[in-house]
Amino acid sequence: MTDWLFYFFAALAVVPALFVAVSRKPVNAAMNMILSLIGMAALLVLLEAFFLAVLLVLVYAGAIVVLFLFIIMLIDADSAPSSGVVTWLASALAFFLMVFTALTLTFGEWAVPFAERGDMAPAAVAYAFGVELFTRHILAFQVTGFLLLIAMIGVIVISRKMKEPAAEGGSAQ
Amino acid sequence: MPTTEELQTIVAANNWTAVLPELLLGVLALALLMADAFWPRHRRVILRATMAAQGAVLAYAVVLFLRADPGVVHVYFAGSLVQTQATELMRIFFLASSLLVSHLGWVYLQNRSLPRTEFFHIVLVVTASLMLLVQAGNFVLFFVALETLTIGLFILVAFCRSSRFSLEAALKMLITGAFSSGLLLFGIVLLYGLAGNPLLPGTAEDPLNFAQLGAFLGATGAAGEVNAAQPLALIGAVLILVGVGFKIGAVPFQIWIPDVYQGAPTPVTALLAVASKAGGFFVLHVLLAGPLAPMWDTLFPALAVITALTLLFGNIAPLGQHNVKRLMGLSGVAHAGVLLLGLLAAHTVDWAFAAVLFYLCVYAIASFAVFEVMAHLSPEEDSDQDLTHYTGLMRRHPLLGGVLVIGVGSLAGIPPLAGFIAKALIFVAAFQAGLYALLVVALLGVVVSIYYYFGWMRAAVLREPLEEDPGDGRWYPQPVIAPVAKFVMVLLAVVTVVLGIYQAGLTEVVGLR
């Protein structure tokens, strides 16, 4: 049963992801991305990483893709021109190379031994994430705050209209 | 699940005083925004106070460096933060770069109606993240600091938003930056997954930690299988190196450099060329000497080919280039090649990394001298700085001309100047390491580089200034040089000359690993 669920959700994660890459209309790409993320969240549920699954749906499908859709609406994006034969061939080659590498890494002679799921640290609950974030990775966590701050300031700086320098209390020197 | 005692031990190791300079920069950045919001009329005073405060942090970093013992490694924040004498030196490097970039920003922004406070704010945050990046001891802090740096640079590159060159540069940098971050992250995740596999010999408890990852990759199983030889580990390591390669602009990951260096405002070009590149090289050394050291034999051929290509491209591409910002970008690729050569030598010759640090310092001083001149001579459209703008500079502005000749001469590596000694040290290290083929390529590159750097000097010294305005926007802008700017330029030029003759000071200072 779990095996079939895995195959179903894995296909749900991979096939729409392919459409994200090849669809020419930005809206279709964004909608496919939601589907792919839902498939990935379901895979995380199968791995018993429930908290991560919820976060993935909430943050990515709920917030980020909706943001994408808003931006697509605002800039009224046209569909991209269809790509040439060379691009298609190169993409197909890259795709098959990727699949081949993945298969060799999983089943072929490059494979590493599979660990049982029970051996892994449980990442099921928010507690586990909180403990890691606020003890071991507190410094990186704080730096993330600055990252978000400068991202916000950057958006304001790049999007706002500037007054003439005379109106701001004299030139700088 | 960790017990309370374990958590308490981890929290006790979170020694916040160890990151005091970075904390001070962060607080300064926040205070700057608040002060600007409350007293917008006193912006000039606030910005001057910020620069003075930065100078104070720099002085504190110098004290920290002088107090640091060579060879002693401090580890804080559960392995996130690793401090050595070399990272203390890089703190000074980044703080000094930040001060000089702020000064360039002051010169650049004074005639333009662009936001000033935000520029200083982002430069401060970028500097703090660079300082944390070189001290990172695990991939979490490494990636977060790197992303803070990259996002800050996107904003700064797009800062002159009325210029379409600036916006184009920012878009190109955004795409290549996001792409390279994706590759880097994928590589990190592959190594994380492999090192956390309990069925492999020497499983790491914290696979993101540099030291534990290095120990895992070096471990050998009962049947004699080596983790470093796992194809998955190799793919992960190569992806990480490609990601870092984009940041330092090594060939074939240099595609973004010319357009971004041209379109970015001149102070930001200086930040990219000096501080960001130095951070990338330091991190590359940390990775190659730490977690990826067990894979050296497999990685070396690829790195050697990249070094040779970087040296060749960086010295051939700037030939015939008339835009000086593109020239600085493309010749920066050549300097990246020399630095890569130094890093390769550092694997066998133990003083070679000190030579790399010395090269970075000398390169920074000479580059800032040139960028100071460029910031003063930049026309209305900043990205349109042509060699014609420099014709007869020596006659029009002897100070700017003199500083330019010394800076460019040092970048070219002409004997009495510091750049010559720096290049010579790297070449001697490469010779001792037995990298003869690469050394030949590098020496040929130096000969070629003197040609295009001389073209710039010739325009400034030998050619007559234009008599009248040709009417295509190439007429000389009239620079107003403030006393502070004169002092900074003369200081940079004097240091370049002095280091070319007497190096005991700086070589002793960087004589560490």
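## Close-up views of a predicted two-chain model

**View 1. Helix H17 of chain B and its surroundings.** Helix H17 (residues 418-432) of chain B has 15 residues, which at 1.5 Å a residue should span 21 Å, and its end C-alpha atoms are 21 Å apart, in agreement with that expectation. The expected span is 1.5 Å times one less than the number of residues in the helix, and helices (H or I, at least four residues) as well as strands (E, at least two) are DSSP runs numbered from the N terminus. The model is predicted, so that local features need pLDDT of at least 70 and side-chain atom pairs count only at pLDDT 80 or more, whereas totals for chains, interfaces and linings use all residues. Residues are numbered from 1 along each chain as its sequence is written, and chains are lettered from A and ligands numbered from 1 in the order in which they are written. The buried residues in H17(B) are Ala418(B), Gly419(B), Ile421(B), Ala422(B), Lys423(B), Leu425(B), Ile426(B), Phe427(B), Ala429(B) and Ala430(B); a residue counts as buried if 20 or more other C-beta atoms, placed from the backbone, lie within 10 Å of its own, as exposed if 12 or fewer do, and as partly exposed in between. Their cover includes helix H13 (324-345), helix H14 (352-377), helix H16 (398-412), helix H18 (436-461) and helix H19 (483-501) of chain B. After H17(B) comes Gly434(B), with a positive phi near 80°.

**View 2. The packing of H14(B) with H17(B).** These two helices, H14(B) and H17(B), pack at an angle of about 155° with their axes 9 Å apart, where axes are lines fitted to C-alpha atoms, for helices over the stretch in contact, and angles run from 0 to 180 degrees between N-to-C directions. H14(B) is therefore roughly antiparallel to H17(B), since angles over 145 degrees count as roughly antiparallel, under 35 as roughly parallel, 65 to 115 as roughly perpendicular and the rest as oblique. The crossing of H14(B) and H17(B) is left-handed, that is, the near helix is turned anticlockwise from the far one by less than a right angle, clockwise being right-handed. From H14(B), the residues Ala352(B), Ala355(B), Val356(B), Phe358(B), Tyr359(B), Val362(B) and Ala366(B) meet Ala418(B), Gly419(B), Ala422(B), Leu425(B), Ile426(B) and Ala429(B) of H17(B), a contact between two residues requiring that their C-beta atoms, placed from the backbone, lie within 7 Å. By class, the residues of this contact between H14(B) and H17(B) are 12 nonpolar, 1 polar and no charged, with Ala, Val, Leu, Ile, Met, Phe, Trp, Tyr, Cys and Pro taken as nonpolar, Asp, Glu, Lys and Arg as charged, and the others, Gly among them, as polar.

**View 3. Helix H13 of chain B.** The 22 residues of H13(B), at 1.5 Å a residue, should span 32 Å, and the end C-alpha atoms are 31 Å apart, which agrees. H13(B) is mostly covered, with 22 of its 22 residues buried.

**View 4. The packing of H4(B) with H11(B).** Helix H4 (residues 85-109) and helix H11 (residues 266-289) of chain B pack at an angle of about 170°, their axes being 8 Å apart, and H4(B) and H11(B) are therefore roughly antiparallel to each other. On the H4(B) side, the residues in contact include Phe93(B), Phe94(B), Val101(B) and Tyr108(B), and on the H11(B) side they include Pro267(B), Leu271(B), Val274(B) and Phe282(B). The contact of H4(B) with H11(B) has 13 nonpolar, 3 polar and no charged residues.

**View 5. Backbone features in loops of chain B.** Phe77(B), which is not a glycine, has a positive phi of about 55° and is found in the loop between strand S1 (74-76) and strand S2 (81-83) of chain B. Phe77(B) is buried, with 25 other C-beta atoms within 10 Å. Ala78(B), in the loop between S1 and S2 of chain B, also has a positive phi, near 50°, and counts as buried, with 21 C-beta neighbours inside 10 Å. In the loop between helix H9 (231-248) and helix H10 (257-263) of chain B lies Pro252(B), and the peptide bond from Val251(B) to Pro252(B) is cis, with omega near 5°.

**View 6. Chain A and the side that touches chain B.** Chain A has 6 helices and 0 strands, and 14% of its 173 residues count as buried. In the interface, 32 residues of chain A are in contact with 48 residues of chain B, and helix H6 (residues 138-159) of chain A supplies the largest share of the chain A side, 13 residues. That side of chain A divides into 20 nonpolar, 8 polar and 4 charged residues.
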